[in-house]
Amino acid sequence: MAYRKGQHVEYRDQQDQLQQGEIRQAETSGPQVRYAVQNDKTMREEKISENQIEREL
């Protein structure tokens, strides 16, 4: 499933912890889609892949 800029999602960060944030940007490179997500708690932007997203909020 493709996600769009502005959607709120629940995702797993690099430490495999559940986080929530807003998608700021989607980047495609070949078959893989990567997203820039702004974490709701830390307000930091993280780069994640589509398979790290658990669900849309």
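Me: How many positive and negative side chains does the protein have, and how far apart do the centres of the two sets lie?

Reply: Lys and Arg count as positive, Asp and Glu as negative, with His and the chain ends not counted; each charge is placed at NZ of Lys, CZ of Arg, CG of Asp or CD of Glu. Here there are 9 positive and 11 negative side chains, and the two centres lie 3 Å apart. This is a predicted model, where local features need pLDDT of at least 70 and side-chain atom pairs pLDDT 80 or more, while totals for chains, interfaces and linings use all residues. Residues are numbered from 1 along each chain as its sequence is written, and side-chain values use heavy atoms, leaving out hydrogens and water.

Me: Which elements does the protein have?

Reply: Helices (H or I, at least four residues) and strands (E, at least two) are DSSP runs, numbered from the N terminus. This protein has five strands and zero helices, in the order β-β-β-β-β.

Me: Which residues make up the largest nonpolar core?

Reply: A nonpolar core joins buried Ala, Val, Leu, Ile, Met, Phe, Trp, Tyr and Cys residues through side-chain atoms within 4.5 Å; buried means under 20% relative accessible area, with a 1.4 Å probe and protein chains only. The nine here are Tyr-3, Val-9, Tyr-11, Ile-23, Val-33, Tyr-35, Val-37, Ile-48 and Ile-53.

Me: What does Ile-53 touch?

Reply: Contact means heavy atoms within 4.5 Å. Leaving aside residues up to four places away in sequence, Ile-53 touches Tyr-3, Val-9, Glu-10, Tyr-11, Tyr-35 and Ile-48.

Technical notes
Buried means under 20% relative accessible area, exposed over 50%, partly exposed in between (1.4 Å probe, protein chains only).
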